[in-house]
Amino acid sequence: MKRLHYTQKPIKIFGVPHFEKTKKLQRLPLETAKKYEGVLQCFPKVGIRCPGARMCFRTNSKKFKIGITLETLSFDIAMSIFACQSAHILIGERKNARFAGLAFPKNYSQKSFEGEFTKSDETEDITVFLPTAEIISDAWVEIEDNAVILPPTEYKYAKPMLYYGSSITEGAHASRPSNAYNALISSRLDVDYYNFGFSGSAKGDLDFAQYICTLEISAFVLDYDHNAPDVQYLKKTHAPFYKYIRERKPDIPIIMMSSPDFDYAPDKAQRREVIKETYTCAVKNGDKNVYFVDGETFFGSKDRHCCTSDTTHPNDLGHYKMANVLEPVIKQILEKTN
């Protein structure tokens, strides 16, 4: 078997801004995370872990291994090792990929681990969703000695979308990172994305909007409703955050959405009206590239009670239903702007 580490071509990393410069599996470079320490609570872990990060390549190897070394490894009462600390492997084209399994630590003291997988000798794309809840020190691929490894198929829409929001955005409580609503949309529509969901930390801070505006993105999803401490805070921050982004990125589509856990908090209707007011004012002021998605519609009318794990965070079914509502909106945007 021959081994290639995540920094070696033709392996390609998606979902990590500045990766080509830093060669680090950190969604925020360490110096950037330090700069926003006051904005992103739980520093440094929440700032530099990598939800949505994908390690991708193509190979004809009938057997291959995926290995991971974690810098951190911590227990979360709400999510298992399979959901948080494991690498999840998909084989084949993104729209129709099959789940091959996962590489996972056997316990909370094993920071380095491997998984072995089998496939045919056809040259196929391999997409590895990297662990979402930990800082990653290393990741590697092993293929058979006589096999080839090639660059992955590029995304149809290569300029990433950016999702900014809460632990829901981050994919919390999905059993696999590829089951998060933004990951599902990425696979279905073949669009790259950055996941800037920050658990308990994304609160519409203009300091962080400044950083977002430094990134080249194709669309922006504004989804921090759930992290706002109360309605008044949301009202104080939501419109200014939108305006800051719009002034500096006048051409990108901006999608505003309210949170999906509408049934369980008495102020959700008020929060929705705050977001809808930002949207309505934007349209009145001539913004023709802004969209609103009502979080109450995400879970539909059938089996709503089955869609969260704790009345707040969507489970797999909840994320799936969110993707179903958002997909046609984003599809229309991508087809119109590309």
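**Close-up views of a predicted model**

Figure 1. Four elements each supply at least two residues of the lining of the largest pocket: helix 3 (45-48), helix 4 (81-84), helix 5 (167-170) and strand 12 (191-197). The volume of this pocket is about 430 Å³. Its lining comprises 31 residues, and those nearest the pocket centre are Arg49, Asp76, Met79, Ala133 and Glu170. By class, the lining of the largest pocket has 14 nonpolar, eleven polar and six charged residues.

**Figure 2. Lining of the second largest pocket.** This pocket has a volume of about 290 Å³. Of the 17 residues that line the second largest pocket, Ile13, Val16, Pro160, Asp192 and Tyr194 lie nearest its centre. Two or more lining residues come from each of strand 2 (12-14), helix 1 (19-22), strand 11 (157-165) and strand 12. Strand 2 gives the most, with three residues. The lining of the second largest pocket divides into ten nonpolar, two polar and five charged residues.

**Figure 3. The aromatic pair Tyr163 and Tyr181.** A search of the whole structure finds 21 aromatic pairs. In the pair shown here, Tyr163 and Tyr181 are edge-to-face, with 5.8 Å centre to centre and 80° between the planes. Tyr163 belongs to strand 11 and Tyr181 to helix 6 (residues 181-189), so the pair ties together parts that are 18 residues apart in sequence. Tyr163 and Tyr181 are both buried.

**Figure 4. The aromatic pair Phe220 and Phe241.** The rings of Phe220 and Phe241 are stacked, with 6.3 Å centre to centre and 25° between the planes. Phe220 is in strand 13 (residues 219-223) and Phe241 is in helix 8 (residues 231-248); the pair links distant parts of the chain, 21 residues apart. Both Phe220 and Phe241 are buried. Phe220 and Phe241 also belong to one aromatic cluster, together with Tyr164, Tyr194, Phe196, Phe198, Phe208, Tyr211 and Tyr224.

Figure 5. Helix 6 is mostly covered, with eight of its nine residues buried. The buried residues are Tyr181, Asn182, Ala183, Leu184, Ile185, Ser186, Ser187 and Leu189. Tyr181 is the partner of Tyr163 in the edge-to-face pair.

**Figure 6. Arginine side chains over aromatic rings, with Arg94 on Phe14 and Arg248 on Tyr244.** Arg94 lies over the face of Phe14, at 6.0 Å from the ring centre. For Arg248, the charged end sits over the ring of Tyr244, 3.5 Å from the ring centre.

**Figure 7. Cysteines Cys213 and Cys306.** The search of the whole structure finds zero disulfides. Cys306 is in no disulfide: its nearest cysteine sulfur is that of Cys307, 6.6 Å away, whereas a disulfide requires the sulfur atoms to be within 2.5 Å. Cys306 is partly exposed, with a relative accessible area of 32%. Cys213 has a relative accessible area of 16% and is buried, as buried means under 20%.

Note on methods: Residues are numbered from 1 along each chain as its sequence is written. This is a predicted model: local features need pLDDT of at least 70, side-chain atom pairs count only at pLDDT 80 or more; totals for chains, interfaces and linings use all residues. Side-chain values use heavy atoms; hydrogens and water are left out. On a 1 Å grid over the protein atoms alone, a cavity is a set of points where a 1.4 Å probe fits but cannot get out, and a pocket is an open set with protein on both sides within 12 Å along at least five of seven lines; lining residues have an atom within 4 Å of a point. Grid points are joined across faces, edges and corners, and a volume is the space filled by probe spheres set on the points. Ala, Val, Leu, Ile, Met, Phe, Trp, Tyr, Cys and Pro count as nonpolar, Asp, Glu, Lys and Arg as charged, and the others, Gly among them, as polar. Buried means under 20% relative accessible area, exposed over 50%, partly exposed in between (1.4 Å probe, protein chains only). Rings of Phe, Tyr and Trp (its six-membered ring) pair if their centres lie within 6.5 Å; planes under 30 degrees apart count as stacked, over 60 as edge-to-face and the rest as tilted. A charge sits over a ring if NZ of Lys or CZ of Arg is within 6 Å of the ring centre and within 35 degrees of the ring normal.
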